[in-house]
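Colleague: I have a new model on my screen and would like to learn how to read it. Can we go through it together?

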Amino acid sequence: MSEPVVESLASESGWQRFRRDRAAVWSGWFLVSIAAVCFLSPLIAPYPYMAQDLAHSAAAPSPAHWLGTDLLGRDVLSRLLQGGMISLCVGLIATSVALAVGICYGVLAAEVGGRAEDALMRFVDIVSTLPLTLIVILCTVVFGQNMPMIFLAVGGVSWLTMARIIRNQTRELKASQFVQAAESLGQSRWGIFCRHYLPNLAGTIAVCATLTVPGVMLLEAFVSFLGLGVKAPMTSWGLMIKEGADIMEECPWLLISPSVVFALTLLSLNFLGDGLRDAFDPRSSRK
Amino acid sequence: MAYVLRRLLEMIPVLLIVVAATFFLAHAVPGGPFDKDRPLPAEVKARLEQYYGLDQPLPVQLGNYVVNLAQGDLGPSIKYPGWSVREVIGSRIGVSASLGLVSLLLAVLIGVPVGVLAASRPNSWLDRVPMGFTLVGICVPSFVLGPVLALIFSLGLGWLPPCGWGSAIHYVLPACTLGLITAAPLARLTRGSLMEVRSLDYVRTARAKGVPPLRVWFVHALRNALLPVVTYLGPAAAGLVSGSFVIESLFDVPGMGRLFVTAIINRDVMLILGTTIVYAVALLFLNLAADLANAALNPKVARSR
């Protein structure tokens, strides 16, 4: 690695590097449009998501129902949009929960240092070996399958990786000269957290968050698939895949459309996360 | 040896926490095991609760449970009268364990060679095509892949039974689904770590001193490159567990995953606790095994203990 290369890398901003990554940019646009369509679904969906048309139940895709109808004659496209709203909401809110807990825990561990830090991180190691899916399932049952609790439960078990990464970064920041300078000038810990840690962690946090969303959405889909998550008449992509899988012989379109949209969304999130990491994480260099 | 002992001792508080957390969660589930469509007479219900020890205060119940657990007794099942939880789990655990092992084996046998192959010719079609597939494998969840495989191989081609259990042929679809899903991240991990290792100085030295290329590749590079892969097997096993819930209900496999889901639906507190504990113990031991394998491969790790 010669000097000029480093300089040219440093002289261009992360966004410029990001924009050169075609796959990541397209994934970003795909996600934005999916999210827009899903969240606008009450306005633009062709039918209300729970409207039943029993005369045309289990109909194959047609001009009237682009993606067909399910066993109760509900329009699959409209349900797909409504389910997407739920799935994306879970992804966003549960990730925010995981972010909040992960940042606090990671920064706290790095700040206390010493034995307490070791103990805190050992706890994370141990918890991450436990069967957390079981705990999420139990939680959703205990709290009556209502949405906020699903968000909390899913987020509550997804913060472990985040805490680990944030702690490692914070440790480095803590040892850096500008933080030591701030300390010697008498800035409070809270001030250092807000003025120095958070801005420097922002890139890492963005990458982490993007890569946490698919895991969180998968977890929700798992729980819904087992019939323990989102309750009828609402739906989510996981639940739609489940319903489609039950009658895939007769009505394959009920399985195909939610599966494809779900897989594409997860794929785009992974591409976007990788792109962000390559662009903003100084240590990952593209080989 | 002292290290293994320390890890084993560490498991005890972890298990206690799992037991306590699951215990209170399971008891907080609304509705009890004796709530039926038609309510039981109050005195019958009271006698039943007394028989199962459910009438005592929760901390006492928890204490009793832990004492019994220490003696290997998981208590009586409520949904299967006359059966102990140990017997119920014992009748199911073989199915899940064998399915899990076959899947894990399949994942390693597919994932590692694919990763090695991809890393041997980086950025060629030999790399791009399999890596594209692994990306799909990461994004397609097991509950999508399972139905799709069933649609193709049992309903379309009629080669395999779509569901059921009993003979070796019933393993194929569920094990392939779980194995392929797990193989994808393994292949990516193997490739990434091989790419990193092969640019290291010691590999160049080995090549320079005239070690045959294949020997450099398999003996020098691969041994080191497999370290993160082995470490990943612990979390991969955890992924198999959650995958198995879905796969077992999808392919009608009488295993632990289905047992857990039905236990929750039936509010069978004892069975919920029992299955969770068995899963936790299994995962803790798998992680320990992965760490030990890592130490066996890596003298540096072994010495630092």
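Modeller: Let us start with one residue. A:Phe280 sits in helix α13 (residues 252-280) of chain A. Keep in mind that this is a predicted model.

Colleague: Is A:Phe280 buried, exposed or partly exposed?

Modeller: The general idea is to count neighbours. A residue is buried if 20 or more other C-beta atoms lie within 10 Å of its own, and exposed if 12 or fewer do. A:Phe280 has 18 other C-beta atoms within 10 Å, so it is partly exposed.

Colleague: Which residues does A:Phe280 touch, not counting those up to four places away in sequence?

Modeller: Look for A:Gly14, A:Gly203, A:Ala206 and A:Val207. Now look for A:Asp53. Its C-alpha atom and that of A:Phe280 are separated by 50 Å.

Colleague: Let us step back. How many helices and strands are there in chain A?

Modeller: Chain A has 13 helices and zero strands. Its pattern along the sequence is α-α-α-α-α-α-α-α-α-α-α-α-α. The C-alpha atoms fill a box of roughly 75 × 45 × 30 Å along the principal axes. Of the 287 residues of chain A, 43% count as buried.

Colleague: And how many helices and strands are there in chain B?

Modeller: Chain B has twelve helices and zero strands. The C-alpha trace of chain B spans about 85 × 55 × 30 Å along its principal axes. In chain B, 39% of the 305 residues are buried.

Colleague: How do I read contacts against sequence?

Modeller: Take contacts between residues at least 6 apart in sequence, then ask what share joins residues at least 24 apart. In chain A that share is 68%. In chain B it is 74%.

Colleague: Now a pair of helices. At what angle do α11 and α12 of chain A pack?

Modeller: Compare the directions of the two axes. Helix α11 (residues 189-225) and helix α12 (residues 237-246) of chain A pack at about 45°, with axes 7 Å apart. That angle makes α11(A) oblique to α12(A). The crossing of α11(A) past α12(A) is right-handed.

Colleague: Which residues of α11(A) and α12(A) meet?

Modeller: From α11(A), pick out A:Glu220, A:Ala221, A:Phe222, A:Ser224 and A:Phe225. They meet A:Trp237, A:Gly238, A:Leu239, A:Ile241 and A:Lys242 of α12(A). The residues of this contact divide into six nonpolar, two polar and two charged.

Colleague: What about nonpolar side chains in general?

Modeller: In soluble globular proteins, nonpolar side chains tend to be buried together.

Colleague: Which residues touch the most other members of the largest nonpolar core here?

Modeller: That core has 147 residues. A:Val136, A:Ile137, A:Val154, A:Leu226, A:Ile241, B:Ala237 and B:Leu283 touch the most other members. The largest share of this core, 18 residues, comes from α9(B). Zoom in on A:Val154. Leaving aside neighbours within four places in sequence, A:Val154 is in contact with A:Val90, A:Ala94, A:Val136, A:Val216, A:Leu219 and A:Glu220.

Colleague: How many residues of chain B are in contact with chain A?

Modeller: There are 36 residues of chain B in contact with 30 residues of chain A. Helices of chain B that each supply at least two residues to this side include α1 (2-28), α5 (125-139) and α6 (142-156). The largest share, eight residues, comes from α9(B). The side of chain B that touches chain A divides into 30 nonpolar, six polar and no charged residues.

Terms used. Residues numbered from 1 in each chain as written. Chains lettered and ligands numbered in written order. Predicted model: local features only at pLDDT ≥ 70, side-chain atom pairs only at ≥ 80, totals over all residues. Axes fitted to C-alpha atoms, helices over the stretch in contact; angles between N-to-C directions. Helix = DSSP H or I, 4+ residues; strand = E, 2+ residues; numbered from the N terminus. Parallel < 35°, antiparallel > 145°, perpendicular 65-115°, else oblique. Left-handed = near helix turned anticlockwise from the far one by under 90°. Contact = placed C-beta atoms within 7 Å. Nonpolar A, V, L, I, M, F, W, Y, C, P; charged D, E, K, R; others polar. Core = buried A, V, L, I, M, F, W, Y, C linked by C-beta atoms within 7 Å.
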